[in-house]
Amino acid sequence: MTVPPNASAPGPGWYPDPAGSGRLQWWNGSAWTGQFNAPQFQTTAPRHPVAPRRRISDGTPVYNAYIWTIVALPLVPLILLMFWNPVLRLRTVGPRQIQTLDPASIFTAPYFLFIAISFVAYGVSALLAYLDWDRLRKDGVIRPFHWAWVFLSRELYVIGRSVIVHEVAPRRGLAPVWVTISVVLLTAVLTGLKVSAIVATLANQAVTV
């Protein structure tokens, strides 16, 4: 700070450093003290406010054919599994011509059909999740649960989607969760029974051999 001749010096206080450092230096009223105080700068970018999810009208539908098809798709491979009855063959092994079960006999056309349909159902779920997500946006749901979560888990998408819909439409939107839980429990029980039946068949054939 330069004080012109015959001019009164400013009072003590923080003033811009005359050396141009960008900091503030303490002026004691007659001289610079060498005490610096860095100015406060905003170090983080301002956050853009996130628009809250507003409620949708009671007349806006929260269910559609897409979400119900996603929920029901696991039943397709389950039905095929129930009708799949593998026929196990025997093979001769070793110099003693010992008869044993052939593990490759399980790889039949119905087996590969079951695997193929499972993959197709997975892909169809992804397409339906996108259509459902787009339908919700058009119906006024702000930031619906993203459809790409279905690649991680079909059940995860159904749950996340239902929670957000329930948020914007209280007392509605959770039905797909309960149906999904029922489908998962039914699948677990029927698959367990089917596997037990296959294992029992293997055991009986092993005893016969």
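A pocket is here an open set of grid points with protein on both sides within 12 Å along at least five of seven lines, and its lining residues are those that have an atom within 4 Å of a point. In this predicted model, the largest pocket is lined by 14 residues, and of these Leu-73, Pro-74, Arg-154, Glu-155 and Val-183 lie nearest its centre. Two or more lining residues are contributed by each of helix H1 (65-72), helix H3 (109-138), helix H4 (154-168) and helix H5 (175-208). Of the elements, H5 gives the most to this lining, with four residues. The space within the largest pocket amounts to about 150 Å³, and its lining is made up of nine nonpolar, three polar and two charged residues.

The packing of helix H3 against other helices was examined next. The axes of H1 and H3 come within 8 Å and cross at roughly 150°; because angles over 145 degrees count as roughly antiparallel, H1 is described as roughly antiparallel to H3. The crossing of these two helices, H1 and H3, is left-handed. On the H1 side the contact involves Tyr-66, Ile-67, Thr-69 and Ile-70, which meet Ser-125, Leu-128, Ala-129, Leu-131, Asp-132 and Arg-135 in H3. Sorted by class, the residues in the contact of H1 with H3 comprise six nonpolar, two polar and two charged.

Helix H2 (residues 75-83) also packs against H3, with axes that come within 9 Å and cross at roughly 170°, and the two helices H2 and H3 are therefore roughly antiparallel to each other. From H2, the residues Val-76, Pro-77, Leu-80 and Leu-81 take part in this contact, while H3 supplies Phe-114, Ile-117 and Ser-118. The contact of H2 with H3 contains six nonpolar residues and one polar residue, with no charged residue.

For H3 and H4, the axes lie 11 Å apart and the packing angle is about 10°; since angles under 35 degrees count as roughly parallel, H3 is assigned as roughly parallel to H4. The crossing in which H3 passes H4 is left-handed. This contact is formed by Ala-121, Tyr-122, Ser-125, Ala-129, Asp-132, Trp-133 and Leu-136 of H3 together with Arg-154, Tyr-157, Arg-161 and Val-165 of H4. In terms of class, seven nonpolar, one polar and three charged residues make up the contact of H3 with H4. Among the H3 residues, Ser-125, Ala-129 and Asp-132 are found both in the contact with H1 and in the contact with H4. Arg-154 of H4, which takes part in the contact with H3, is also among the residues that lie nearest the centre of the largest pocket.

Methods: Residues numbered from 1 in each chain as written. Predicted model: local features only at pLDDT ≥ 70, side-chain atom pairs only at ≥ 80, totals over all residues. Heavy atoms only, no water. 1 Å grid on protein atoms, 1.4 Å probe; cavity = no way out; pocket = protein on both sides within 12 Å on 5 of 7 lines; lining within 4 Å. Points joined across faces, edges and corners; volume = space filled by probe spheres on them. Nonpolar A, V, L, I, M, F, W, Y, C, P; charged D, E, K, R; others polar. Axes fitted to C-alpha atoms, helices over the stretch in contact; angles between N-to-C directions. Parallel < 35°, antiparallel > 145°, perpendicular 65-115°, else oblique. Left-handed = near helix turned anticlockwise from the far one by under 90°. Contact = heavy atoms within 4.5 Å.
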